[in-house]
Amino acid sequence: MTKTPTNYARQFERVALLLVWALTIALFTFLIPNNFLNWGNFSIMFASYAPAALLALAIIIPLTAGDYDLSVGATLTLSASTIGVLNVWQQMPIGWVLVIVLLMGLGIGLFHSLFIIYFRVPSLVVTLGSTSLMSGVVQLITNSSTIGGIDNSLIMAAVGYRLFGIPYAFYYALAAALVMWYIFDFMPLGRKLLFVGRGREVARLNGISVNKVRVGALCMSAVLASAAGILYAGVLGSADPYSGLNYLLPAFAAAFLGATTIQPGRFNPWGTIVAVYFLATGITGLSMLGIPLWVTNVFNGGALILAVTISQITRGREASDIG
Amino acid sequence: MTKTPTNYARQFERVALLLVWALTIALFTFLIPNNFLNWGNFSIMFASYAPAALLALAIIIPLTAGDYDLSVGATLTLSASTIGVLNVWQQMPIGWVLVIVLLMGLGIGLFHSLFIIYFRVPSLVVTLGSTSLMSGVVQLITNSSTIGGIDNSLIMAAVGYRLFGIPYAFYYALAAALVMWYIFDFMPLGRKLLFVGRGREVARLNGISVNKVRVGALCMSAVLASAAGILYAGVLGSADPYSGLNYLLPAFAAAFLGATTIQPGRFNPWGTIVAVYFLATGITGLSMLGIPLWVTNVFNGGALILAVTISQITRGREASDIG
Amino acid sequence: DEASEGLARATANIEKYKAKPEFVAPGEPFDAKACAAGKKMLSIPNSSGNPFLKGIIDRMKVAGALVGLEVREWENQGQPSQWVQGVELATREKYDIIDLISGIDPGTIEPQLRAAKEAGVKVMTSHFYDPSFEQNPVVSSSLTIGFGEVGTILADWAAVATEGKANIAIVVSNEVPPTIPLVANFKKQLAANCPDCKIIQEINVGVTEWGTKIQTAVQSAVQANPEINVVIPIYDSMSQFVIPALRLAGKTGEVKVGTFNGTPFVLDYIAQGLADMNIGESLDWIAYATVDGHLRDACGLESPKALNVPFYIFDKTNVAEAGTPAQFDTGYGDAYKAGFHKLWGIE
Amino acid sequence: MVLSPDHTVPDPATRPGARNPLPVLSVANLSKSFGGAKALHNVSFDVMPGEVHGLLGKNGSGKSTLVKILAGFHAPDDGGTLTFNGERVSLPLKAGEGRRLGMAFVHQNLGLVPSLTVLENLRLVELTRNGKAFINWRAETAAAQQALKRFGLNIDPEERVDRLTPVQRALLAIVRAFEEIEAARAITGRPGLVLLDEPTPFLPASGVAQLFELVRSITRLGSSVIFISHDIDEVMEITDRITVLRDGEQSGELARADATHEKIVEMIVGQSISRGQGRKSGTNSFPVYARFEGLSDKMLQPSDLHVGKGEILGLTGLIGSGYEEVPYLAFGARSGASGRITIEDGPTFDQSTLTPAAAIERGFALLPGDRHGESGVDSLSIVDNMFLPDIGRFFRGGLMRNGAMVREARELGKAYEVRPNDPALKLSALSGGNAQKVLIARWMNRSPLLLLLDEPTQGVDVGTRQQIFAALRKAATEGMSIICASSEAEQLAEICDRVLVFARGRICDEITGERLTKEGISEACYVSAGPASQSNPTPRVA
Ligand SMILES: Nc1ncnc2c1ncn2[C@@H]1O[C@H](COP(=O)(O)OP(=O)(O)OP(=O)(O)O)[C@@H](O)[C@H]1O
Ligand SMILES: Nc1ncnc2c1ncn2[C@@H]1O[C@H](COP(=O)(O)OP(=O)(O)OP(=O)(O)O)[C@@H](O)[C@H]1O
Ligand SMILES: [Mg+2]
Ligand SMILES: [Mg+2]
């Protein structure tokens, strides 16, 4: 039971991204003395990146179970657009609309499951295809136009009420991470997900109903992406038919970045949250400095590659478990 | 040596997509009697989808070797933008510019290789990150603006000269497919790629220098994506800093769709070409019918999912080798 | 007859926009320096990646500096969540003005704007609403731009360019709000001045899909309908995909291309004979007019309802004035500069 | 007779030794076909409480398939019945149902997830049990530590399984099964059944002894064991009754008392085979072909050894003693190793400069022990697998001669009796033993100068084994040098000219001549492990 010396490096790795985040904050505080380190600034950042955080959380569920879900961006857009169409155009009460949207998310998850699990089509293919399908549907139902004027109660629930100065939106993402953390780490279901992702045959030989677990993961992912769409509509107060897809690559980046921290080598909800807000901090700081746009892209890409590389160096460049 | 009855289904599978393509053409010919089945129409389609075809071909090389290259879209954009900057703004002769652009592609491939092979960072992560990095660089060098006025000789070489009425652009894509077919099917290198993709350790123990093959695949992919950027600039006569990324998902879709035909179960160049032009035919026909463009998204997504599903049914829903 | 009368009206209308723009004062002179003293404005563009908007903001910084107005750009990648951050920043740092410039629908980030308004920040838009639009209640004043007017120019130009026999493919992006009045007026004007003109196909492509869809759609349209002789991409950045489509279809020159925005590379297309007409606006003029209009509102003066920046037609006869290669601000004259200086009392 | 579930079943555990007419497991008319091929055909047998039931058969005879049906992994064809402790169980079993009834498994490939920790693998069932709202990690860790300690395994529960040695992994899987059966018995109060699908190839002799001790302790409590192995001596030692499968059909059932080695072999193979008598050697001397000096890596202390031209050199020892590293080191397949190599009269070179490609260039060949991970690619065709290191040979005139490849593959398949012999089939369509034949053919066909083998007949049935031995001997007489690392003393005794025995990373004995028998080799292994094993029951499990 001897602890190897590398364990110190491992311990460090757990908190490395948190430290880098702290350093980033310190740097920007130094560069923007008055306005950066400021509760108002952070509280807004926490709220406005909440939909992105929820989306990244949605992705890590099927990733843990060994499937890719590329369609979360399209699902977000479809949900937000559906809210716009039903609530604004069809005047349906917002409560009903939310129920319908979440059920729609479930439907999307089941649709994916049918092809991925029953027909054994690779998840990359199915979710790539459904992204395209959903984009078409969004354009159809919205007439390709932005729909404003979403029910005020949704807006209030997302960004109107605040706790410690932070709009509720953030706490929804936090709550999702908390629940996922409990499931991933303290419920048999979480271990099942992990076993299914890391060794499908072994899981099946050991009596885990692999298919059920995968269906569950795909459905949860789609439902969470729908919830992200609801939050998105709530934060913005409107629904636009195109921008959701832009969240896809950042969400993946956050998921992989998050897998370098807290529980390195595993997709984990707290790591994902840290990654989302670390990137958000960088982008916010750079924007406040008035630095040209291209720098933020370089920051995003560079942070992802560097973080994962350093994590790999920590573990002696052995083959990675993620991805 | 009894051939099992399923072999007929397999034989059918090889040509199924070709048949569906033919049916699609027949359908549109019926619906648009005068203008659809017309050499002019097809020759334009062949030329204008040539960059997309080249991009899809670029993707299947690392896919065969077991790596994802998500950065081909960004590489295309970076190449086209570089052509614009050097040729239009810096007045550099087009010949030199093309050499520089192809070398840049090689550099991108080597950059990917460093992280993917030396540091063992998952290819998905590295190419996701480099996509973001390259987008930043493009915005930096182009000032985010479209650059028109690219050297006429490039435009002529792409869409000016014609053979059998089809602009040269198409033949470049065809030539690339031909060379790749030769390499994949008639050179030891092709077999090596395949073994590296399907069983890395097996390949290594059989004397294949796995790392060299992977580096080669990543470099070829980046160079081919650069070439696609050149072709794109030639077809458009301009370089635009944004649209390349949108070709990423369609290129993946074509690669997976292509793996259902000609040599089902393997990424293969002719299948990829067929897939690209099958999708192009559908989109062209729908556009000519004046149908709203959201239908083309549905067509793309639907065709991908259906084709791969049918291919899976043909092979008795056994686990798929691709993806 | 009716057709020739319409054509005459169209020709007259076009001539109006071919003349060098003249400066018309948007209101009474006022002491801009006194008004601007200590005031700050945060300009949030639709996306910092758009060189047109970036150009306007850069020039607004210069124009503002003349009178002491601090203008700052909120850099963003076109993501609404970033716009939200900008609005919150302005609220927190007690800016006087939030300027939503060209493309951010206030309705998209209404909750945050309402909070800003309550905190005493005036929310204004520029170069966004058409005069026919109803302004969002959180907005204090809007410097509108006549998208409908652009539609009428495009329609008249199509009529004139084909001598009353235009068969048109029009490329639009319906999710961008200005599209609606532009296209509506285009159709109305066409019906009024050109009874023989027809819109053969209307191609709607979302902005993010321009790169992947416009080219094929235009190619298909001109193949399926060989009678098409005019293509109108309503925003000129679309034309980078329209021009190659016509080139491939062998219709360059045969099919006329008219568009709107005055982006330099498209002006170059005109010089090269690939496109025929582009309606432009002077960025610097827009910048001055925006600073002028927003200052008036901020100081409680009556704010002009419109930007009042005239449209100017570039075609092959005058495109050389825009420079080779073309520039954003060249060719419009600079009558406005002296005009605004005089209005602001800073000669 | 079908008993209703509420019928009281006498608990054998409370009445040890009492005759109990009720079998623990009763299988009747079980069939399973994959596509057209019948893997199992009307198999029926019973396992009585407290019995160790041997399941034997050639490769591909359906043993693992049977186990997997009981695990709920495969659905059997209609018509079979399954009764467990008198309770009729409907088929197909749902995933995990076997476990609920009281079965525990050690699958042929162990059923561990390499990228997860020992704790997670060991407590897999507990951690994934339905209807539990909270995992108490502290308790789980304690339970895991206790279990590991009880079985004398000194490993950190937080260690990842892929960092364990093969022996540790095998023991981990076994510990898990025995833990589960204890837990199940505590809940159901009825005898359970442990299914061991070839658990022994990874185990050193003392591990086997320990395993058998565990098996006996389990059966004393009334539970039963199904034991699958190709090692007939082991089967003779531990089982009470034996069921033999041949081509998916039952070819017989024997009580151990009635069984002789020859009889069992006859039932397995369908004809009698005379037991290999060991190669008459000792007098032969071979000119040195390859000399290895100071060969070492993490597991192996610097060791000197050589192999003669035309000699078959065996390497053995307890697993983990380092012998199994030698073929890989000699092939340049592992990084972080050192040593010097001299080939015949050639210059001496550094082991670290040797790569698999360079080794192939020199005429070396390596057949790794891990068939799926290192030897062949399941999703590619037989012909591609067969000519993997040779593809260059078929590249003539700028073209791959695909037709010639297929023709030659068919010839080769015939020579090595690959069944079915269709080169276009995927490797995954072959049974394990047939796949091994393909891979052996791959290397033998190249007539390498030095053939390096790691467990070459692992999972290969008796008949096939004889063919492989014959081919190796023939090649050796034609001048091929062969180094064969194996844990099977019997096999080494049969084919080797000389055997080196390893212990704790060093060569500790060299066996030639008269001592070169199964017993001689086993004894040498035990002696090598000697003093340490007195003080600690499981010394090799580091
Ligand atoms: N996926 C498959 N498709 C078609 N036939 C198959 C497939 N898998 C196995 N077979 C056939 O079933 C037969 C039995 O193979 P199986 O793998 O069960 O053998 P096995 O008993 O495990 O043999 P071994 O001891 O060699 O591992 C073989 O003839 C094989 O060709
Ligand atoms: N998943 C599968 N698909 C198709 N055929 C299979 C599959 N699994 C096993 N088979 C076939 O079923 C037959 C029985 O295989 P099984 O693995 O049970 O043999 P075994 O007796 O365990 O052999 P071994 O001694 O080699 O382990 C083989 O012919 C095999 O090829
Ligand atoms: Mg078996
Ligand atoms: Mg087997």
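Student: With which residue does D:Glu179 form a salt bridge, and how far apart are the closest N and O atoms?

Tutor: The model is a predicted one. In it, D:Glu179 forms a salt bridge with D:Arg150, and the closest N and O atoms of the pair are 2.2 Å apart. D:Glu179 belongs to helix 6 (residues 166-188) of chain D and D:Arg150 to helix 5 (residues 137-150) of chain D, so the bridge ties together parts that are 29 residues apart in sequence. In general, side chains of opposite charge can pair when their charged atoms come close. D:Arg150, at 53% relative accessibility, counts as exposed.

A network of salt bridges also involves chain D. Bridges that share partners join A:Asp185, A:Arg191, A:Arg266 and D:Glu120 into one network. One member, A:Arg191, is among the buried residues of helix 9 of chain A. That helix, which spans residues 188-198, is mostly covered, with 8 of its 11 residues buried. Besides A:Arg191, the buried residues of the helix are A:Pro188, A:Gly190, A:Lys192, A:Leu193, A:Leu194, A:Phe195 and A:Val196.

The chain that holds the pair in question may be described next. Chain D has 542 residues, of which 57% count as buried. Its secondary structure comes to 18 helices and 22 strands. Among the contacts within chain D between residues at least 6 apart in sequence, 66% join residues at least 24 apart.

Backbone atoms take part in the approach to the ligand: an N or O atom of the D:Thr65 backbone lies 2.4 Å from an oxygen atom of ligand 2, and a backbone N or O atom of D:Lys63 lies 2.6 Å from an oxygen atom of ligand 2. From a side chain, an N or O atom of D:Glu198 is 3.1 Å from an oxygen atom of the ligand. The protein covers 71% of the 630 Å² of accessible area that ligand 2 has on its own.

Over all chains, a search of the whole structure finds 38 salt bridges. One of them pairs C:Glu88 with A:Arg162, where the closest N and O atoms are 4.0 Å apart. C:Glu88 lies in helix 4 (residues 80-92) of chain C and A:Arg162 in strand 2 (residues 162-163) of chain A, so this pair joins two chains. C:Glu88 counts as buried at 11% relative accessibility, whereas A:Arg162, at 40%, counts as partly exposed.

Another bridge lies within chain B, between B:Asp67 and B:Arg214, with the closest N and O atoms 3.0 Å apart. B:Asp67 is in the loop between helix 3 (50-64) and helix 4 (72-89) of chain B, and B:Arg214 is in helix 11 (residues 210-236) of chain B, so the pair ties together parts that are 147 residues apart in sequence. B:Asp67 is buried, with a relative accessible area of 4%, and B:Arg214 counts as buried at 10% relative accessibility.

Chain C and chain D, by comparison, are joined by no contact, and their closest C-alpha atoms lie 36 Å apart.

How values were computed:
Residues numbered from 1 in each chain as written. Chains lettered and ligands numbered in written order. Predicted model: local features only at pLDDT ≥ 70, side-chain atom pairs only at ≥ 80, totals over all residues. Heavy atoms only, no water. Polar contact = N/O pair within 3.5 Å; in protein donor to acceptor, adjacent residues only side chain to side chain. Areas by Shrake-Rupley, 256 points an atom, 1.4 Å probe, with all protein chains shown as cover. Salt bridge = Lys/Arg side-chain N within 4 Å of Asp/Glu carboxyl O. Helix = DSSP H or I, 4+ residues; strand = E, 2+ residues; numbered from the N terminus. Buried < 20%, exposed > 50% of the residue type's maximum accessible area, 1.4 Å probe, protein only. Contact = heavy atoms within 4.5 Å.
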